[in-house]
Amino acid sequence: MSTHVDENECRHSNGQCDTYCVNTAGSFACSCETGFQLDDDGFTCKDYNECERSNGGCSHGCVNTLGSYACECPNTHYKEVDNKTCHGERFTDSQKQNFLIFLLLLLFYLFRILRSANN
Ligand SMILES: [Ca+2]
């Protein structure tokens, strides 16, 4: 019968871990901060490139940064509140069409009012 006492590897030099060291029964594991992933060596934390997967959820440009990433829009576009979706124009075609109809009706009534005022 052996009585094993778990050795906390994390006590010594953080278990050689780059960031976090988690002591487990009989072993230990390294982990990283959000936005980083453990390298193949099991110790080093490297930036996770969010843009490599589904373009980071960005509709247009995706820029990977250390520990994070950002979505970018072309100059002619604006970014929605989700910070991921870019839209080219603020108004849809049907909204523009409705506005044009409204303007024409307004001009028509103004014209009528002016005509009746002159008569
Ligand atoms: Ca990143």
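Helices (H or I, at least four residues) and strands (E, at least two) are taken here as DSSP runs, numbered from the N terminus. The model described is a predicted one. Over residues 50-87 of this model the chain is 0% helix and 37% strand, with 22 Å between the end C-alpha atoms.

**Overall layout**

The protein chain contains one helix and eight strands. In sequence order the pattern is β-β-β-β-β-β-β-β-α. The radius of gyration is 31 Å, well over the 14 Å given by the globule rule for 119 residues, so the protein chain is more spread out than a compact globule. The C-alpha trace spans about 115 × 25 × 20 Å along its principal axes.

Burial and contact range were also computed. Of the 119 residues in the protein chain, 7% are buried. Among contacts between residues at least 6 apart in sequence, 16% join residues at least 24 apart.

The chain is divided into domain 1 (1-46), domain 2 (49-88) and domain 3 (92-119). The centres of domain 2 and domain 3, taken over C-alpha atoms, are separated by 41 Å.

**Annotated regions**

UniProt, in an unreviewed entry, places the feature "domain: EGF-like" at residues 9-46 and 50-87. The UniProt annotation "transmembrane region", also from an unreviewed entry, covers residues 99-117. The table gives the secondary structure and end separation for each of these ranges.

| Residues | Helix | Strand | Distance between end C-alpha atoms |
|---|---|---|---|
| 9-46 | 0% helix | 39% strand | 22 Å |
| 50-87 | 0% helix | 37% strand | 22 Å |
| 99-117 | 100% helix | 0% strand | 27 Å |

**Hairpin of strand 1 and strand 2**

Strand 1 (residues 20-24) and strand 2 (residues 27-31) run antiparallel and are joined by five bridges. One of the pairings is that of Asn 23, whose bridge partner in strand 2 is Phe 28. The hairpin has two residues between the strands, and Gly 26 takes a positive phi near 80°.

Strand 5 (residues 61-65) runs antiparallel to strand 6 (residues 68-72), and five bridges join them. Cys 62 stands opposite Cys 71 in strand 6, while the bridge partner of Val 63 in strand 6 is Ala 70. Two residues lie between strand 5 and strand 6 in this hairpin, and Gly 67 in the turn has a positive phi of about 85°.

The two faces of strand 6 can be told apart by cover. Tyr 69 and Cys 71 make up the covered face, whereas Ser 68, Ala 70 and Glu 72 make up the uncovered one.

Ser 54 lies in the loop between strand 4 (45-47) and strand 5. Ser 54 counts as exposed because it has 9 C-beta neighbours inside 10 Å, and the cut-off for an exposed residue is 12 or fewer. Ser 54 and Pro 74 are 20 residues apart along the chain, and their C-alpha atoms are separated by 19 Å.

Technical notes. Residues are numbered from 1 along each chain as its sequence is written. This is a predicted model: local features need pLDDT of at least 70, side-chain atom pairs count only at pLDDT 80 or more; totals for chains, interfaces and linings use all residues. UniProt positions are given in the numbering used here, feature names are shortened, and annotations may be inferred rather than shown by experiment. Two strands pair if DSSP finds at least two bridges between them. Domain bounds come from an automatic or database domain assignment. The radius of gyration is taken over C-alpha atoms; the globule rule is 2.2 Å times the number of residues to the power 0.38. A residue is buried if 20 or more other C-beta atoms lie within 10 Å of its own, exposed if 12 or fewer, and partly exposed in between; C-beta atoms are placed from the backbone. Two residues are in contact if their C-beta atoms, placed from the backbone, lie within 7 Å.
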